[in-house]
Amino acid sequence: MEETPMNEGETHKDIEVAPALIAVHPTQDSVAVSVGSDLRVFDLRGGSELSLLDDSSWPFHKDSIRAIHYGANGKLFVSAGDDKLVKIWCTESWHCIYTVSSEKRVSAVALSNDGLYVSFADKFGVVWVADLDGFDGNQALVNKKAGPILAHYCSIITSLEFSPDGRFIVSADRDFKIRVTVFPKKPLDGAHEIQSFCLGHTEFVSCLAFVSSSDYPQGFLVSGSGDSTVRLWNVSSGSLLHTCEVDVQAGLLESNGRGGESNSAITDLCTIPDGTMIAVAIQSLQGVVLLTCDLSARTLSVAKVVSIMGETFIPTSLRASTSAGLLWVVAGVSNLPGFDHPSFVRVRVISGFRKSNFYSSEKEPTLLEDNEIPGGDKMLQKLQGSVAVDEKVLQAAAEAVKVAMSTLLVKKQYTAEKREFRKRTRNDRKTKQ
């Protein structure tokens, strides 16, 4: 992987809009937001903003960050994106301990449960893995190189997840496929054993997560898609256990006058800490849909729709901590054309997700006011860049993210003549020496 990453002065022919992302420490020690090339972290435990330290050969990100993730029980944090860089941060010091250059722009990342490996996927469909053995929290890792582990053959990979027991690495792509691969004992030699394929989605697969419990520690896979469904899978066999048509069950269908074109693509989902609740972000919804997963019956159902009223808030990313019973939701975008400040972020928090509360009528999930959020105005100032966000920007961003997601992930349909023309005029052919 010798290709030099994108230089600071480089520009794309067409600047791509990128959604804001959010990640939360498992015990809610900190919360991180990325928008464009900017990575912002706030210390929730100490109530202060955090400064990142990066003395690598390619310090900090120079282009849009496309994936962020806490791992190794919160000891590590990974960020990656369009500058072809994957960065591993120690969350104790927020020092970048490892940077690897990818051959292509990075679209997804995952950290193994034991913290020994980082895996990342590029937009050409190749999944890479790098060894993190030797991390002690202080010293930067040296002489570590990434190697290819598997491939989806020219299809953009949208999501990566390790199974709860660490046996499998699961990858999803824009060609409707989910691949379950046995994670080998020597990953740098490649992963050659495919456990199963989970097939059934009729549009791009946008996101993956695992639901598990003490009775089902191996977990079941859930996936969200551009086909407006969330599906439940047995990863060992690849069998589809249940399909939840979220837009139908949540009453979100509307006549949009576009010949039946869906505007309810699933943009993100995450598991709520008790393991059987799933929060879902939908492209057309000002709020979050909450699903319950009955693991014994292998079914999904809509439990509640938490609306976020008063502003145009269409979530682009959401995550939950394992201890605080809070769901963190972000709406935002970078490279938004036509505005003085082309990048913006809005953070909201929903409470009431402790297992003892959710199934009782005493305390249902509730949207917190800004002054009730952990960290308050100080946290919002750090993560959003300002406490207040203009409504016009929120509206423009919601539409820009929708268009960008469709452009990137919805496969274009070409006539036979157009396909032949594209073959003749393609500019990526290898020339003979």
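Mentor: What follows is a set of questions and answers on strands, loops, side-chain contacts and the surface.

Mentor: This is a predicted model, in which local features need pLDDT of at least 70 and side-chain atom pairs count only at pLDDT 80 or more, while totals for chains, interfaces and linings use all residues. Residues are numbered from 1 along each chain as its sequence is written, and side-chain values use heavy atoms, with hydrogens and water left out.

Trainee: Which strands are the edge strands of the open sheet of 4 strands?

Mentor: The sheet has the order S10-S11-S12-S13 with antiparallel pairing, where two strands pair if DSSP finds at least two bridges between them. Strands here are DSSP runs (E, at least two residues) and helices are runs of H or I with at least four, both numbered from the N terminus. Those that pair on one side only are S10 (106-111) and S13 (146-151).

Trainee: What is the bridge partner of Val-118 in S12?

Mentor: Strand S11 (residues 117-122) and strand S12 (residues 126-131) run antiparallel and are joined by 5 bridges. In S12, the partner of Val-118 is Ala-130.

Trainee: With which side chain does the side chain of Ser-112 make a polar contact?

Mentor: Ser-112 sits in the loop between S10 and S11, and it counts as buried because its relative accessible area is 4% (buried means under 20%, exposed over 50%, partly exposed in between, with a 1.4 Å probe and protein chains only). A polar contact is a pair of N or O atoms within 3.5 Å; within protein, one must be able to donate a hydrogen and the other to accept it, and residues adjacent in sequence count only if both atoms are side-chain atoms. At 2.7 Å, the partner of Ser-112 is Asp-114.

Trainee: Is Gln-28 buried or exposed?

Mentor: Gln-28 is placed in the loop between strand S2 (21-24) and strand S3 (30-35), and its phi is positive, near 60°, in a residue other than glycine. Most residues other than glycine have a negative phi. Because its relative accessibility is 12%, Gln-28 counts as buried.

Trainee: How many residues apart in sequence are the parts that the pair Asp-29 and Arg-45 ties together?

Mentor: The side chains of Asp-29 and Arg-45 meet in a salt bridge at 3.6 Å, N to O, a salt bridge being a side-chain nitrogen of Lys or Arg within 4 Å of a carboxyl oxygen of Asp or Glu. Asp-29 lies in the loop between S2 and S3 and Arg-45 in the loop between strand S4 (38-43) and strand S5 (48-49), so the separation of the parts they tie together is 16 residues.

Trainee: Where does Asp-370 lie, given its salt bridge with Arg-346?

Mentor: The side chains of Arg-346 and Asp-370 meet at 3.2 Å, N to O. Arg-346 counts as buried because its relative accessibility is 6%, and Asp-370 is buried as well, at 19%. Arg-346 lies in strand S28 (residues 344-351), whereas the place of Asp-370 is the loop between strand S29 (366-367) and helix H3 (376-384).

Trainee: What accessible area do Ile-194, Phe-197 and Leu-199 have together?

Mentor: Phe-197 is found in strand S17 (residues 194-199), and it counts as partly exposed because its relative accessibility is 37%. Patches are made of residues with over 30% relative accessible area and no salt bridge, like charges being joined within 9 Å and nonpolar side chains (Val, Leu, Ile, Met, Phe, Trp, Tyr) within 5 Å. By the Shrake-Rupley method with a 1.4 Å probe, where only the protein chains shown count as cover for residues, this nonpolar surface patch has about 270 Å².
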